[in-house]
Amino acid sequence: MAMTPHTVIPDEHYTSTGLSHRKLLMWIFLGSECLFFGSLIATHMVNRGKAALLHGESPACLLDIPITSTSTFVLLMSSVMMVLAVSSAERGKLGSMRFWLFMTALLGSGFLLFQVYEFNLFVDEGLTIGTNLFGSTFFTLTGFHGTHVTIGVIWLLSILAISFIRPDMVKNPLNVDIAGLYWHFVDIVWIVIFTVVYLVGRLGVECAGA
Amino acid sequence: MATASIAKRGMFARPIAPTGLWSWITTIDHKRIGALYGVTAFILFLIGGVEALLMRLQLSQAEAGVVTPEAFNQLFTMHGTTMIFLVIMPMGAAFFNFMIPLMIGARDVAFPRLNAFSYWTFLFGAILLNASFFTGSAPDVGWFAYAPLNGPGFSDTGVDYWILGLQVLGVASLAAAFNFIVTIINLRAPGMSMMKLPVFVWMTLVVSFLIILAFPVITVAITLLLFDRQFGTEFFNSAAGASPLVWQHLFWAFGHPEVYILILPAMGIVSEVLPVFSKKPLFGYTTVVLAGIIIGFMGWGVWAHHMFVTGLGPVANSAFAISTMFIAVPTGIKIFNWLGTLWGGSIRFTTSMLFSIGFILLFTIGGISGVMHSVVPSDAQQSDTYFIVAHLHYVLFGGALMGIFSGIYYWWPKMTGRMLNETLGKLHFWLWFLGMNITFFPMHFLGLDGMPRRVYTYSEGMGWDFWNAFATVGVFVLGLGLLVFLQNVWHSRKNGEAAGNDPWDARTLEWSIPSPPPHYNFAQIPHVYERDDFWHKKYAEGADGRPVRTVQGAAPSSEEHGHGHNIHMPTPSYYPILLSAGLTLIAGGLVSHISVSVIGGILALFALYSWVFEPPTAPETQTAGPAGHARDKRRGGGKR
Amino acid sequence: MEPHSHPSEKPHPSPLNYIVIGVILTVITAIEVWAFYWDVPMPLLVTFFIVLSIVKFAIVVLFYMHLRYDHKLFGSMFTGGLLLGVGVALGLIALFGNFFVGDRETAHAPEPTFTPTIIAPRETPTGTQTPGGGTPRPVTGEGVFIAKGCGGCHTIQGLSGAVGQVGPNLTNIGTVAATRKPGLSAEQYMRESIEQPGAFVVSGFAPVMPALRGTMSEAEYQALVNYLVSLK
């Protein structure tokens, strides 16, 4: 970063790049998270097709594309809500920011409910985390993703609450922006999981119920 | 940053006294945090050293009965884990913490409270890991804990402590790395472009990136292992169709970048020390920096060279052998640049300089045995023998540790304001140089002669007795050197010569301020015009190219006069240590009782939210007089 | 006050733009789900899914996460981690050679570097070795016995490769099984031995047999049991 020498007396908010420390931190953190989810996805992938069969067929047969497509859509819509919340914050519209934040958290929770429903369905069919290799990798991967979504929902609701009790702390749109980056990241990880685990994972697998 | 005005006080009054135990517990000053890291890591170094001593005593004779086989397994596991995660990395962190802001002209790191959190999490993680000794079994599966030995049914609760301890330590390292990346990118003094940074700062940046990218992989690996052990998953269970090799791949994909995390800081230190004591700039600054960056990248492509004997197949073996051979190139480039720095220089053989030169020699020896390992058929013979033990100790003791001690001797005056005794220092160096070679060189012979590692004893007829006994003698020489160092430290506390700002006539910014630095570091943030800016303020280039002292010298400016008005430093805080404690309790509860985890969770949530609401700088200190002398009536005035 | 715009940064899109992008994302997802039911060769479909998901990924990152408008530094931080994560994942997948899609019965396992002895014809076991893996083979009891490694610990006279001495000799196990445990038929005892080897260990042998039921399909298991019961 070349800087032209001119007399700048840096105050305590000086930065070399003109960028926010915290925003930079979030982006670096997301880069790091790529390795985390990459390793989990890789573990699922290298074990593909090796799991013991469940009721005589591949455990991947339990994956339900219609249901998961719906939950994917819900999460995708939550990203739209999120970016609208950030946009409202940038334009100083506290009321609509609160509304969109609430909607994001709502849809995020909706996604989580879908996950819980799906997990229960699998457990009823006899697939738990310890049943076989597919159960282990599937529940671990989607479980960690779901945990990230949960943390995101709590974060958004916290911002919402803070916007009521300490509105001065949300004056800076940066806070919502940074939360938004995290939320979108969680969404794009799901894009990868949906494609790799569900769509590709279910292809070519022969199942009784087709 | 939330610059809210607090309408009411928080639950506990914000600590602002500058001295006393609480000031250390709540400190967010990078210099104090660096000191804490240094002292803690040193104590753990002694513990790791005792573990090594016990092993060497056991191996000094055939079929000695010094320790049981089970104890031996715990010793080599804990020695490795301790030295890597609890000694070398934190010693590096000690210097990152103390020096980086000073070298880039900043007042502190980007996130001071996060910095404190990193330290406390490290301390608590170290305690958690070592607590396993008191529960009957420390981990005993090797520091790399291969599957299936690491799995349920094949190993004891020690492995659970290992997992959870590493998880906690991982959080500490990650937080610190994030902090340093933002600090180095965003808090450089005006005019300090990236290519004017001291090499040590560059290496810290590369190491920090390696940490944030490699630690998630081991986090996944040990989480999967924890799940196998506690929740009945099948990740490494071959009977379920899984391959135990997945563990090895995940571990070494982390593990290889980890060894560069261990060595690059020391290489950075050497790159600082050699120019100062050769009175010459670093030869090929750009090349050295680029080589460091390239090593960081290439380090990701060599991991399976730790797995040459697992049957990867000829294609994989060849690919990793070639990449491993290639990574010797940027390393070699650095070595030649260091030699080029020495060449033609006006050398001063201070203790620090001796350690750096020793580093070059010993690390090169370790590097050569490393290249020998890269040849797959050779490695097939060397694997799991003492040849590898020799290699790793040459690079980690002769390399990383000697480099770190070079830094200790170099920066001691800056950190403490007092000089260490040079005679004792040189004695320390020679005892360690000698002792290190006595201990580890024979291991090359023992290894090629077939002595396996991680085995608690050997039979009389193997012919290994002599060199083992010889190596054990070396440990005592090393111990003697350590005692000399401790005596030096103790003596220098009261009797060490006062250091002044710049005892070494050095080149970088940290030497332009008093020793020890005032808590705000720089009274005025300097403007930087070139690399080694401080040197160029002291010296101009004469007609024959030699340095000529400039008339004004290095203008001490207002720092000498103790000014520093109206500098708003971040205020100490309770929440970092509370959050660390909460997270460690969560981890500890998973090996003991879940109620502990619940308590930890509540504590962590409380600390986290309180932290969020707490402004970085307490408003009530902003109206105080000279920085640091905040007057708080309840605490009875500012004391120094 | 932290600066929230840097000279090199461009203004962010309007809310309407965001909604339009949201619609595009929905349409792409709908296409993916619809494509799932197309009757198209698998490699093509897989590639199609991967391409579409990359497109969605990029849209969210560039527009919703503002990488297209914000300072380049953020982009390089993220992209670096992303590329490395993808690289490590691909590296692991390549090392394990697990490229196929679908369940085990139709899976194409990679060529093993070690060639196990597989008996192809049912009646007369020959000494010749047939390279294993690759194509689906008829499921025979003998084949399963060898493929699952049973021959490494048990001997069956006449079955090439079944020469192990770790566990009991199984040459006449069909006869023995019927009377080994009172109350259990030969087939029941056979199943118990494979599913829970620790339940009954023949005296003189160590309790080290792994539970291998999980490594075979129902068809393989049945074939194995039938074969063993037939060894009178």
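Modeller: Buried means under 20% relative accessible area, exposed means over 50%, and partly exposed lies in between, with a 1.4 Å probe and protein chains only. By that rule, 65% of the 210 residues in chain A are buried.

Biologist: What kind of model is this?

Modeller: It is a predicted model, in which local features need pLDDT of at least 70 and side-chain atom pairs count only at pLDDT 80 or more, while totals for chains, interfaces and linings use all residues. Residues are numbered from 1 along each chain as its sequence is written, chains are lettered from A and ligands numbered from 1 in the order in which they are written, and side-chain values use heavy atoms, leaving out hydrogens and water.

Biologist: How many helices and strands are there in chain A?

Modeller: Helices (H or I, at least four residues) and strands (E, at least two) are DSSP runs, numbered from the N terminus. Chain A has five helices and zero strands. Read from the N terminus, its elements run α-α-α-α-α.

Biologist: What radius of gyration does chain A have?

Modeller: The radius is taken over C-alpha atoms, and the globule rule is 2.2 Å times the number of residues to the power 0.38. Chain A has 21 Å, but a compact globule of 210 residues would have a value near 17 Å. Its C-alpha trace spans about 75 × 40 × 25 Å along the principal axes.

Biologist: What share of the contacts in chain B comes from residues 24 or more positions apart?

Modeller: Contact means heavy atoms within 4.5 Å. Among contacts in chain B with a separation of 6 or more, residues 24 or more positions apart account for 82%. The corresponding share in chain A is 80%.

Biologist: Which residues is N130(B) in contact with, leaving aside its neighbours within four places in sequence?

Modeller: N130(B) touches L44(B), I47(B), M78(B) and L86(B), once those neighbours are left out. The residue belongs to helix α4 (residues 112-131) of chain B. With a relative accessible area of 13%, N130(B) is buried.

Biologist: How many salt bridges does the structure hold?

Modeller: Side chains of opposite charge can pair when their charged atoms come close. Here a salt bridge is a side-chain nitrogen of Lys or Arg within 4 Å of a carboxyl oxygen of Asp or Glu. Over all chains there are 16. One of them joins D177(A) to K23(A), with the closest N and O atoms 3.0 Å apart. D177(A) lies in helix α5 (residues 173-202) and K23(A) in helix α1 (residues 21-46) of chain A, so this pair ties together parts that are 154 residues apart in sequence.

Biologist: Are D177(A) and K23(A) buried or exposed?

Modeller: Both D177(A) and K23(A) are buried. In another salt bridge, R166(A) pairs with D168(A) at 3.3 Å between the closest N and O atoms. D168(A) counts as partly exposed, at 33% relative accessibility.

Biologist: Which residue forms a salt bridge with D505(B)?

Modeller: The partner is K538(B), and the closest N and O atoms are 2.8 Å apart. D505(B) sits in the loop between α14 (465-495) and α15 (533-538) of chain B, and K538(B) in helix α15, so the pair ties together parts 33 residues apart in sequence. D505(B) is buried at 18% relative accessible area, and K538(B) is buried at 0%. Through shared partners, salt bridges join D502(B), D505(B), K538(B) and R549(B) into one network.

Biologist: How many aromatic pairs are there over all chains?

Modeller: Rings of Phe, Tyr and Trp (its six-membered ring) pair if their centres lie within 6.5 Å; planes under 30 degrees apart count as stacked, over 60 as edge-to-face and the rest as tilted. The count over all chains is 81. F122(A) and F139(A) make an edge-to-face pair, 6.3 Å centre to centre with 80° between the planes. F122(A) is in helix α3 (residues 94-124) and F139(A) in helix α4 (residues 133-165) of chain A, 17 residues apart. Both F122(A) and F139(A) are buried.
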